Amino acid sequence: MTSPRAIAPAIAAPPEPWQVAGRPIRRGRPPRWLWFPAVLALVPTVVPFGFLVGRVLAEGTAAADVVLSAGTARLVANTALLVVLVVATSAVIGVGAAWLTERTDLPGRRFWRVAVALPLVIPSYVIALALLSATGPRGLLADATGIAIPSLTGLSGAWLAVTLSTYPFVYLTTASALRRMDPAHEEAARGLGATPTRVFRTIVLPQLRPTLGAGILLVALYTLSDFGAVSLMRFDSFTRVVYAQYSGRLDRTPAAVLALLLVALALIVVWAERVTRGRAAYHGRPVARPARVVSLRGAKRLAGLAGLAALGLLGVGLPVAVLVTWVGRGSGSGSAFPWGAVGGSVGASLLAAGLVAIVALPTAVLVARYPSRRTAWIERVAYTVFALPHITVGLAVVAFSSRYLGGLYQSLTVLVAVYASVFFAQALGAARSSLLQVSPSLEEASRSLGAGTMRTMIRVTAPMVRRGLIAGALLVFLTTMKELPATLLLRPTGFDTLAVDIWSAADSFLYSRAAGPALLLIAISAVPMYLLATRER
Amino acid sequence: MTDAIICRDLSKEYAGVRALDSFSLAAPEAKVLGLVGPSGSGKTTALRLIAGFERPDRGSVEVAGDVVVDDRTFVPPERRRVGMVFQDFALFPHMSVGDNVSYGLPKGSARRGRVADTLDMVGLTGLEGRMPHQLSGGEQQRVALARALAPAPAVILLDEPFSNLDAPQRERVRREVRNILIEARATAVFVTHDQEEALAVSDVLAVMRDGRVIQQAAPHELYRRPADRWVARFLGEGEFLSGTVRGGAVDTALGRFQVDTPLSGPVDVLIRPEHVRLTEDHGGAALVVDREFYGHDQLVTLHVDGGRRLLARAGPETIFNPGDHARFEITDVVVFAPGGPE
Amino acid sequence: MHGHRTARLLLVGLVLALAATACSNGETGPLTIYSGRSEDLVGPLLDRFETETGIDVEVRYASSTDLTATLREEGANSPADVFFAQDPASLGAVAEAGLLTTLPADLLALVPARFSDDDGRWIGVSARVRVVVYDATRLAPADLPESVDGFIDPAWRGRLGIAPSNASFLAFVAAMILERGEAATRDWLDGLAANDPQIFPNNSSIVAAVDEGTVEVGLVNHYYLLQLQAEVGETNAANHFLATAGPGSLVMPAGAGILTTTDQPEHAERFVEFLLGTEAQEFFVAGTHEYPVVDGVSADPGLPALTTLPSPDIDLSELAGALDLATDLVAEAGLL
């Protein structure tokens, strides 16, 4: 399936490049212009963010009042609760599913591997919309079965929706780690009489800890930043309240303060990941033989299959079925095909992906070939920007651009620039890993034959890291298609995206209007997802 | 004869480690200069400084009379007329042989012809259309050489060019490459840690240790008159004894030998195995304790004079087995000032 | 080899695309309208304006509160030409910030004085009444309280739906502040919050929810139910016009103002003129089910006449002054 590095880039700075085993790293000074693309990519987020911080600090006591208020304390508690619940659940689900597909003999494992990871194609707000419209006394399930099913909103709804859309991160990283694990240790333990459970608990799980740690912390970050699902579920966590304060109050200071608090929480998560990651080995050694598989029979087998089926159903089957039903119901109400939204989504995502690919290559060269303290900072900033909740970024950019950017305010240029900036780290990570596989002698050979740095990059480096660049671009396309909060705040007048359409309709309980665009979004997102998956194998 | 490359007092430090320490070198035009030394002696660093992939902390480099590096100047690699052949060949895998070789050539009608000529020169006529992965190691080596030669650079640098080849290929390819370089009248500097290779391929040999050149001379000069014990040991086998120079000869425990040296008094004496003649003799003073047979000759380890070790080279006709006795005769010695680096 | 040329082409294409998008936000482009009224309600009307006058129109739909705050932040940089808002408080707030121009006297003369700004910076174009929408299958009008104060009673715990971020609700709270003062309003809001109201993003979702039975009563503007009935026919929900004069029975106009930052004052005026013309006024009556504000157009006979409705005695022009406080109080009560 898709490599964990591709889907879940390290959210803190990756290991020092010169720690890559066995590869002599050329040092030297990079040409000055090589810094430019990296700076260009990061400025659209960093500068407005800096201004936001300055503005909030200038508010002084007013800001402090917001921070110290009871409402804020409740907000922190709510958000923390949601994060803990989601993290715990997705860890259990992710690891469990990974174990089932990688370490047992359940039938249809190849199918399950794909099915279990599929929710990645479905944005959390679509899952939320499906859950909301299916449950409750007026929901689809109640209609279909006649049983009154309790409404799934608030904390329970948010918990379920966010878990379903984030557990694939844990699943993918864990499954990949299990595949790369050397079975010798497990075999030794079995030889000494340990049961499969004990082997898992004492041998496998400790080896999984670093990967699991990274996956879990990624989940935590996504939960903090999630806006769509949480707002539809009417659960008062940070993102929802920031948006409500921003659009519902005339004084925008509270929204700004809360937005920064949210960032503080996110940074704590990022720091925690760095601290606990320690000396994790990033690159697996090729495994000589596949791991021993546990045989599941009878009730256990059924239970395993049932579990995986439940995941597939809840994560993919239910949402798609619900959406299709709503489309069927609403087809009479004359909603036209959302050409504008499709064009907006696809257009903006293509632009963002293209832009990112262009700046990612020179930056990857800078970071991989000329590693230094300063380039390590570039990477650190890129990954931190990636970790920033988009609602805060959107807020910061709106405030900054309306004040200082004149004609560019509310323009597609700014929106695309912000997309490219926040998702830059994904492409950078992919390009960089790709580049590290290529010997630097190739580039030096090119230079010794008279080609300057730019010509070398285009004629020699780019073709060699094409795969990494394309994977990065696909990833950026995928995540931009699904993006919601920054788009809500930054889009130009008259510009529509599928994400905005879906969310606005669902927020006003207009499910049949949301369903069509939701299905379209899933269908379009499936394309890059499929390409990414097939490229890895 | 002008020098194609002149390095003056190059120094380079990495993270507190001194890679080059006042390194100076002069590579004569149209000759092959070998740069040899143990790992960590700084040879690759020196090469990379000449090519321009790194900047020296101090010192200067001239290529074909132009200063490419000094306190005020730094010419980037693409503008130095320096070609390079890399240890891993570094052929562009996504380009054909022809495209690889033509990479450094300016666009124009003359290109194709030059590519064909260069491939001829390296003995790979007609292989323009092949892809690098379709070639053997030796062939890839030659494409790398052709690519570097095609733009007619002032100098070609080769970084451990034969270390990526299998042992049986190595000697043959070595010879071929040397011939190609001579035919192209190229000035070449190649780096190796293998002293046998260095001696075989170079017209001029520079021995490096700890970041500087200890001695630079023709290979046979170096071999016969090494500057110190260390160079002597590095370039070949031999045993050391102490001796005293008196009146045009040196007295040692193994005899008295004529020498031509300005030294007098106590000295260190080196006896090379090829200067020890062995004859089968049951009553001989030497006891054979070990023998390595190379096909074309053998290296015999002897114990003489009450346990002293001596190495001797003998032809393949008479096999000396451990336990045999032999008569030995020392035909020549080299003397050094006593002390000095080991 | 090919990569080189392709890369260049892509780069050029990208730059051109970005440049094109940057240019397309022309200040001299279409008439930019910030509409605090939803697309559902007024979209067709704006389309008609475009067709009839040939003037290109670009509309930004968002809540009136959002747009008010946005306009205040944009200040002199705003690309907006016209602010079409749901309530006088939003308009007044933007006017107080010095961002609305004075409208021509002949336009202002078209509507009753109470429906436009005292200083002529905004003008009402259609009137609406605050009502209580209730589930007629479960409640009778006699079950409902006489005024909004009744909803603080614990008997109504969890049964009321409100949209606290909606501009009309905030205008309603501002009216309460004007009539009763800050302290009394704060008490009422606290009481309301303690009664577990269901929170909705806007009025139409409240009405839909009442009709579906998710919530029993809601505080909304009168026309949302009529809209729903026009779509689906019979509904479970019904409107109740409060008998007592108070903020709960507030009559107020939706209106428009022209921004000082406009680069197309003639087009902007034509738009306001259009809104006050017979066609638009009839649209408001038949299309959005509101009350007209100009002479010569009669209201829907099914609605109670404006003159019979007990509106509180407040100067709508002053609502804006209380708006900031209103949002703060609502937020402090924990409803926002």
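Start with chain C and chain A together: about 3400 Å² is buried between them, with carbon and sulfur atoms giving 54% of that area. Buried area here is the accessible area (1.4 Å probe) that two parts lose on being put together, summed over both. The model is predicted: local features need pLDDT of at least 70 and side-chain atom pairs pLDDT 80 or more, while totals for chains, interfaces and linings use all residues. Residues are numbered from 1 along each chain as its sequence is written, chains are lettered from A in the order in which they are written, and side-chain values use heavy atoms, without hydrogens and water.

Now zoom in on Asp66(C) and Arg252(A), whose side chains form a salt bridge at 3.1 Å, N to O. The rule (a side-chain nitrogen of Lys or Arg within 4 Å of a carboxyl oxygen of Asp or Glu) finds 2 salt bridges across this interface.

Finally, move to chain A and select Val39(A), Val43(A), Val47(A), Phe51(A), Tyr404(A), Leu405(A) and Leu408(A), which make a nonpolar surface patch of about 530 Å². Patch members have over 30% relative accessible area (Shrake-Rupley, 1.4 Å probe, with only the protein chains shown as cover) and no salt bridge, and nonpolar side chains are joined within 5 Å. Helix H2 (residues 35-59) of chain A contributes the most to the patch, with 4 residues; Val39(A) lies in that helix.

Conventions
Patch = residues over 30% accessible without salt bridge, like charges linked within 9 Å, V, L, I, M, F, W, Y side chains within 5 Å. Helix = DSSP H or I, 4+ residues; strand = E, 2+ residues; numbered from the N terminus.
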